[in-house]
Amino acid sequence: ANQAIRLPAGLPVNAVQVPPGFDVADNYIVQHVIAADLVITQDIPLASEVVKLGAAAVGPRGQRHTRESIGQRLAIRDLMSDLRDAGMVRGGPPPLSPADKQNFANQLDQWLTRWRSVRPAG
């Protein structure tokens, strides 16, 4: 993020603060992602970049982005952006539903299961 983020103590997680600027955090992620990583993002262009690099990408509603699906999602994103710019669509996505949260939990569980089966022992 381009600002400090407070993380709960005791988690094996690090926060990285990048300078302010357009897509600076996204560019950092793309430059540092590896195929074994999971990127959780609502940003479709970022998801596209990490999927191209072989990493997994999941949206906060549990949409798993794949090489096969990302092109269509980019096209829909661009169409919706054009419709918003033209004033034909207003507002953003609806709040997360219980089904969205369950879909996300299922995708995370599937990724963790795959990760555990392929990570080096130790």
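Analyst: Happy to! Please keep in mind that this is a predicted model. Let's start with the aromatic rings. The count comes to one aromatic pair, formed by W111 and W115. A pair of aromatic rings is described by the distance of the centres and the angle of the planes. For W111 and W115, the centres are 6.1 Å apart and the planes make an angle of 15 degrees, so the pair is stacked; the cut-off for stacking is under 30 degrees.

Why do W111 and W115 sit about one helical turn apart? Both belong to helix α4, which covers residues 98–118, and they are four residues apart in that helix.

V50 and R114 are 64 residues apart in sequence, and their C-alpha atoms are 18 Å apart in space. V50 is buried, with a relative accessible area of 0%. Leaving out residues up to four places away in sequence, V50 touches I29, V30, V33, V39, A55, A56 and A57.

Next comes D26, which lies in helix α1. D26 is buried yet has no salt bridge; the nearest side chain of opposite charge is R77, 8.6 Å away. Sequence neighbours up to four places away aside, D26 touches D43 and L46.

Together with I5, L7 and L11, V13 forms a nonpolar patch on the surface, with about 350 Å² of accessible area in total.

Finally, the whole chain. It has four helices and three strands, arranged along the sequence as α-β-α-β-β-α-α. The C-alpha atoms fill a box of roughly 55 × 30 × 30 Å along the principal axes. Of the 122 residues, 20% are buried. The chain exposes about 8,900 Å², with carbon and sulfur atoms supplying 56% of that area. Among contacts with a separation of 6 or more, 31% come from residues 24 or more positions apart.

How values were computed: Residues numbered from 1 in each chain as written. Predicted model: local features only at pLDDT ≥ 70, side-chain atom pairs only at ≥ 80, totals over all residues. Heavy atoms only, no water. Patch = residues over 30% accessible without salt bridge, like charges linked within 9 Å, V, L, I, M, F, W, Y side chains within 5 Å. Areas by Shrake-Rupley, 256 points an atom, 1.4 Å probe, with all protein chains shown as cover. Salt bridge = Lys/Arg side-chain N within 4 Å of Asp/Glu carboxyl O. Helix = DSSP H or I, 4+ residues; strand = E, 2+ residues; numbered from the N terminus. Buried < 20%, exposed > 50% of the residue type's maximum accessible area, 1.4 Å probe, protein only. Lys, Arg positive; Asp, Glu negative; His and termini not counted. Contact = heavy atoms within 4.5 Å. Phe/Tyr/Trp six-rings, centres within 6.5 Å; stacked < 30°, edge-to-face > 60°.
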